[in-house]
Every structure is written in structure tokens, then in C-alpha cells.
Amino acid sequence: PGPEPQLGDLIEIFRPFYRHWAIYVGDGYVVHLAPPSEIAGAGAASLMSALTDKALVKKELLYEVAGRDRYQVNNKHDGKYSPLPPSKIVQRAEELVGQEVLYKLTSENCEHFVNELRYGVARSDQVRDAIVAAGIAGVGLAAVSFIGVMLSRNKRQKQ
């Protein structure tokens, strides 16, 4: 591994079939979105079960999360967005530990998760992916409420 990560750094972990992302919170620990396949400790066979499912926000040692996979610090959007102060990033990450969130491997949800924490900016395609994920999961409520918000926004703009 390269240099010791700094607080709030994004860690890119090179899994065999995809990239996993975590955020460094100090003392060797990272906070990350653990997809169901990782919680179960299963390999590629359960990648399909991870396509739309719940993920758990976990705080674990980086070397345990990475396992034998290579990893690197990759704050790739620093040129586009200003990172929040490291103490703020760590605080926000720690507050989410233990929560369950909707996980969708195909939309790189773990990457959205860390970008949101570091920059306070969810990637713009996240909203679209959330609607798709909600539809696939059979939870139409999120899409319905989102459409309601968009309609009321449109009304306000017309006035």
C-alpha cells in the first residue's frame, strides 16, 4: 500500500469484479457500505443478490475490509468539488455507522456514499439510480414521492 491515508480520504479497493469504496476515519479504520455479499462473506456467486438489496454502514479496519485486494487513496473529485473539513467528514461518517441503506451494486452506491460524505455532493446520477432501484425493489413509494416533489417544484417555477 501507498502512504498512510489521511482523515476523510476516499479509499478505492480493487475487488475482482468491481471497485469497493470506503472512507478513512483514522486509527486504521474505514467507514463503508457493506453490501449483502460482503456481509455474508460470499464471493462472486452472490454478486447478483447484491444488485438490489440493503447494505449496512460499517466501521471496520481497512486491512480487514481490503483483505488480499489492492487499495489506494483516490480523492478523484477534489478538482471538481471542495472536500469538507476532515473532522466534519469523519463525524458524518461515524454518525451513519450501523444504519441500513438501499444498495445497488450497478450504480456504484458505495462510491456515491463516500462522495456524499467527503464533498457533501451526491453524484447527479444518484437520483436517477435511486428511482430505478426503488422500482426494481418493488418499492414504488420513493419514486411516487420523488415525482410529487418534482411536480410541486414545476408548479412553483411556473407561478
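Select Arg118 first: with a relative accessible area of 7%, Arg118 is buried (buried means under 20% relative accessible area, exposed over 50%, partly exposed in between, with a 1.4 Å probe and protein chains only). This is a predicted model, in which local features need pLDDT of at least 70 and side-chain atom pairs count only at pLDDT 80 or more, while totals for chains, interfaces and linings use all residues. Residues are numbered from 1 along each chain as its sequence is written, and side-chain values use heavy atoms, with hydrogens and water left out.

Asp9 lies in the segment before strand 1 (10-14) and Arg118 in helix 4, so the pair ties together parts 109 residues apart in sequence. Asp9 is also buried, at 10% relative accessibility. Include Asp78 to display the salt-bridge network that links Asp9, Asp78 and Arg118.

Next, select helix 3 (residues 86-96) and helix 4 (residues 109-119), whose axes come within 8 Å and cross at roughly 135°. Across the contact (heavy atoms within 4.5 Å), Ile89, Arg92, Ala93 and Leu96 in helix 3 meet Phe113, Glu116, Leu117 and Arg118 in helix 4.

Finally, select Glu12 and Arg19, whose side chains meet in a salt bridge at 3.0 Å, N to O. Glu12 is buried at 4% relative accessible area, whereas Arg19 is partly exposed at 45%.

Conventions:
Axes fitted to C-alpha atoms, helices over the stretch in contact; angles between N-to-C directions. Helix = DSSP H or I, 4+ residues; strand = E, 2+ residues; numbered from the N terminus. Salt bridge = Lys/Arg side-chain N within 4 Å of Asp/Glu carboxyl O.
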